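My notebook is open and the model is loaded. I'll jot down what I look up as I go.

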Amino acid sequence: MSAPGDDAPSRSERERSRSREHGDSTFQNQVRAARTEFEHQIGKARADFEQANERINARTGRNLFVAILIGIAIGVVVIGSLIFVKWVFVLFAIPVALLGVFELVRALQAAGRRVDVVPQLVAGAAVLAAGFLLDAGTHWVVVFAAVVSVIVWRLMAQMVSVESRRYGQVLSDVLISGFVQLYVPFLGSLLLILLREDGGEFWVLAMIAVVVGADTGAYAAGLAFGKHPMAPRISPKKTWEGFAGAGVVAVLVAVGFAWLLLGLPAWTGVIIGLVILGSATVGDLAESMIKRDLGIKDMSSWLPGHGGVLDRLDSILPSTVVALVLFHALSPLVMS
C-alpha cells in the first residue's frame, strides 16, 4: 500500500498543470479577443474608406485612388526621362501622342464620322518625329504634307466607297481629318521642338508641372468649395472656385520652377503660371466640348480613374504653344 504522503506530489503537479492550462486558456482568449477587435477595426476602417471613396467618386466621376497611383507612375517616367536622358522622353511622348490620335479617330468613327486610322497614325508619327529631328522650316513642310495627305486619302476613300454621303458630310469628314493632325500631332510636335532646345527639358518639365498643379488645385478647390459652375453647358463639374484654386497652385508651381530650375526671376513665374493656366483651361474646355458633341464622357477607358490618354493630354497640348513662346520671350532674362 502507498503511504499517505505518496499522493501529495501527484496532486500538486495536477494543480500546477490545471493552473498552466487555465493561464494558457486565458492568454489564448485574450489573443482571440484582440484579434477579433483588430479585425473589427480593420473592417470598420475599410467600410469608412469605401464610403468616403464612393462619395468622392460620385462627386468627381472617377476613382481617385487608382487615378493617383497611375498619375504617380506616369510622373516617375516623365520626370526621370526629362532629368536624366531627354531623348528617352521622346520614346515615351510619341507613342502616347499616337494613342491620343487613335482614341480621337475611334471616337469620331463611333459618332458616324469617316476618318481613317492608319493614315492618321502614319502622318502623325511623321509630324512628331519631324518636331524633334528636323529644323523648323522642314517641320512646317511635314505638317503641311501630313494635313494634305490625310485629306486626299479621305477624298480618295470616299470616291471608291460604295457608301453614298452628302456633300456636307464629305466636307465635314475632310475638315475633321485635317483637324486631327493639327490638334494632336502638331501641338505635340511643338513640345518636342521645345525639348530639343538647350535646357528645353526643364521648360517641358515646368510646363507639365504647372498644368498638373493647376489640375490638382482645381480638383481640390472644386471638391471642397465648388458651388458656382464655370461653363455648365460644356463641363458642368468645373466651378469658378476650382478655377481660383487652379490659379493659386499654378502660380506657386511656376514661381518655384522659374526661380529654382529655369534660372529666371521669380516674378516671371507669375506670368508663366497665369498664361499656362489660361491655355490649360481652354484645352480642357475644348476637349469637353468635343466629347459633348460626340456624346461621350471619356475618350476611352485605357487609364482607369483618368479616362483616356487624350483626357490627360487635353490641357497639355495647347499649353505647348505658350510654353514655346514663353521660352523664346523669357530666355534673355535667364540669370547667369
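Which residues does Val334 touch, not counting residues up to four places away in sequence? I find Leu262, Gly263 and Leu264, where contact means heavy atoms within 4.5 Å.

**Ground rules.** I'm working with a predicted model, where local features need pLDDT of at least 70 and side-chain atom pairs count only at pLDDT 80 or more, while totals for chains, interfaces and linings use all residues. Residues are numbered from 1 along each chain as its sequence is written, and side-chain values use heavy atoms, with hydrogens and water left out.

**More on Val334.** I place Val334 in the segment after α11. Its relative accessible area is 43%, so I note Val334 as partly exposed; that label sits between buried (under 20% relative accessible area) and exposed (over 50%), using a 1.4 Å probe and protein chains only. I also looked up Val334 against Trp259: they are 75 residues apart in sequence, and their C-alpha atoms are 9.8 Å apart in space.

**Overall layout.** I get eleven helices and two strands for the protein. Both kinds are DSSP runs numbered from the N terminus: helices are H or I with at least four residues, strands are E with at least two. Reading from the N terminus, I write the order down as α-α-α-α-α-α-α-β-β-α-α-α-α. Of the 336 residues, 42% are buried. Among contacts between residues at least 6 apart in sequence, 70% join residues at least 24 apart.

**UniProt record.** The unreviewed entry annotates "transmembrane region" over several stretches, among them 89–105, 267–286 and 316–335. I remind myself that UniProt positions are given in the numbering used here, feature names are shortened, and annotations may be inferred rather than shown by experiment. I checked two of those stretches in the model. Residues 89–105 come out as 100% helix and 0% strand, with the end C-alpha atoms 24 Å apart. Residues 267–286 are also 100% helix and 0% strand, and there the end C-alpha atoms are 29 Å apart.

**Core.** Which residues touch the most other members of the largest nonpolar core? I get Phe89, Trp203 and Ile272, out of 70 residues. A nonpolar core here is a set of buried Ala, Val, Leu, Ile, Met, Phe, Trp, Tyr and Cys residues joined through side-chain atoms within 4.5 Å. For Phe89, leaving out residues up to four places away in sequence, I list contacts including Val78, Leu82, Leu191 and Ile208.

**Cavity.** I searched the whole structure and found one cavity of 30 Å³ or more. Trp203 and Ile272 turn up again in its lining, together with Ala206, Met207, Ile276, Ala323 and Leu326. I count seven nonpolar lining residues, no polar and no charged. My reminder on the term: on a 1 Å grid over the protein atoms alone, a cavity is a set of points where a 1.4 Å probe fits but cannot get out, and lining residues have an atom within 4 Å of a point.

**Ser319.** Is Ser319 buried or exposed? Ser319 is buried, with a relative accessible area of 0%. I find Ser319 in helix α11, and its contacts beyond four places in sequence are Met207, Val211, Ile276, Ser279 and Ala280.

Conventions. On a 1 Å grid over the protein atoms alone, a cavity is a set of points where a 1.4 Å probe fits but cannot get out, and a pocket is an open set with protein on both sides within 12 Å along at least five of seven lines; lining residues have an atom within 4 Å of a point. Grid points are joined across faces, edges and corners, and a volume is the space filled by probe spheres set on the points. Ala, Val, Leu, Ile, Met, Phe, Trp, Tyr, Cys and Pro count as nonpolar, Asp, Glu, Lys and Arg as charged, and the others, Gly among them, as polar.
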